[in-house]
Amino acid sequence: DENQKMVEAVPRGDVAKPMDFDAARRSIPSGTLLIQYIQCPHGWAVLGLDNEGMRGMVLDVDKERVEVLAEELNRVVSAFEGKGTLTLESDIRPLSTKIYELFVRPIKGWLNGNDEVLVAPSGILWNLPLDMAYDSAKGRYLLQERFAFGYVPSLKLAFDSPGGRRIRGKPAFLAFAPVFPTKEEQKKAAGSGQAERRWRLELTEPPTMKSGFDVLVHSDRETSQLTEAYDKAGWTAMRWVSHQATREAFLGQAPKATRLYLSTHGLADGLEPFNSRVVFRDSASAFTSITMGDVVTSLDLRGVEDVTLSACQVARGTQWGGEGAVGLSYGFLLAGAGRVAAALWNVEEQAAGEVFGEYHKRLLAGERPLQAMRSAKLRLMEAGKYRSVGSWRDPGYARSPLIWAPFVIWGRPVE
């Protein structure tokens, strides 16, 4: 019954009402371009939509070339996720150049006059963030140009309204950090001879998804600094850490937020996207999770303008009819949230904290969301440091797209 409720909550593309492209065009902000990549039986096509009109193009790209490209990216990402193997920027640049030549160069003229680009990927493109595309003629990534990229599961969802935003008084920033260890858990780890950071946590349910997790030792400071910044800016700012950050607390408090921040672990389920989840506390010592299905069926987030998921893999999705890439981020959008900031693949805890922390500081300063995320990624790329298996300060590591490219924003173009 629960699975059926989840399925019914997600509109299937084959029965959904078609988009009104003329109405959509009029609602697009000036300087914003929407791009829909379409995987055809034997190749690819692309549609572009801005407030000037719509255009289309068949790309001179065969299916096999794109599959090889995706396999290359999956290989280096999997090596990074599984073994901590970090490919140097110089080694991954040929892959980034292929992305540019296949999917960006043919439509580069469309980008002229626009500062923000909202992309609806198709098929295997969901795992290819376009700002990692490298223009060899200019010697720079798209991230280093003026364009700020965002993503939507489909063009239709970009304009589907979840309902009116609730009128609020004082805005609220709410943060949750369930995987920061309690004092008792720290003592337990020390007593067992385990290093604090490598102490493994186990999910109590569901039994089929049991998996170990590292504690997130930076999540307390990460959420504390942001809560303090929002409090100084005049917001209502609250956070729940360790045993306070329970599933029950989140489900009860999340609808009250204007901006919602989660520093936790994520699990993407490519076969059953409704089971993609983030980790929460079940009690002081036990861990459980909240799935995409829980978000869709249990939360009304129409008053939440931003959800930040400082967790691994939660921006991933699985193609679902005409709705595009369906996953945890999609679930928060469907529940009413305006946008979701998240990561496509596994990321190092400190890097995630730096990117999402800078992103929120820039939001507080009045920067537009896509531009704020671009600035935060640039800052990480140009900082010249990154804690990994490799060197702290090797620029070859710091500039690698594996570090900064996975951080993306999913959402609608209009607040």
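Which element gives the most to the lining of the largest cavity? The answer is in the second view below.

These legends describe a predicted model, in which local features need pLDDT of at least 70 and side-chain atom pairs count only at pLDDT 80 or more, while totals for chains, interfaces and linings use all residues. Residues are numbered from 1 along each chain as its sequence is written, and side-chain values use heavy atoms, with hydrogens and water left out.

**View 1. Helices α8 and α12 pack at an angle of about 5°.** Here α8 covers residues 219-232 and α12 residues 349-364, and their axes lie 10 Å apart (axes are lines fitted to C-alpha atoms over the stretch in contact, with angles from 0 to 180 degrees between N-to-C directions; helices are DSSP runs of H or I, at least four residues, and strands runs of E, at least two, numbered from the N terminus). The two helices are therefore roughly parallel, a term for angles under 35 degrees. Look for Ser-219, Glu-222, Leu-226, Ala-229 and Tyr-230 of α8 meeting Glu-349, Gly-353, Gly-357, His-360 and Leu-364 of α12 (contact means heavy atoms within 4.5 Å).

**View 2. The largest cavity has a volume of about 70 Å³.** A cavity is a set of points on a 1 Å grid over the protein atoms alone where a 1.4 Å probe fits but cannot get out, and lining residues have an atom within 4 Å of a point; the volume is the space filled by probe spheres set on the points, which are joined across faces, edges and corners. Of its 13 lining residues, Asp-131, Phe-149, Met-373, Lys-377 and Phe-407 are the closest to the centre. Helix α13 gives the most to this lining, with four residues.

**View 3. Strands β13, β14 and β15 form an open, antiparallel sheet in that order.** Strands pair if DSSP finds at least two bridges between them. Five bridges join β14 (residues 277-281) to β15, and Arg-281 has Phe-287 of β15 as its bridge partner. At the edges stand β13 (266-267) and β15 (287-291), each with a single partner strand, so one side of each has no neighbour in the sheet.

Technical notes. Angles under 35 degrees count as roughly parallel, over 145 as roughly antiparallel, 65 to 115 as roughly perpendicular and the rest as oblique. On a 1 Å grid over the protein atoms alone, a cavity is a set of points where a 1.4 Å probe fits but cannot get out, and a pocket is an open set with protein on both sides within 12 Å along at least five of seven lines; lining residues have an atom within 4 Å of a point.
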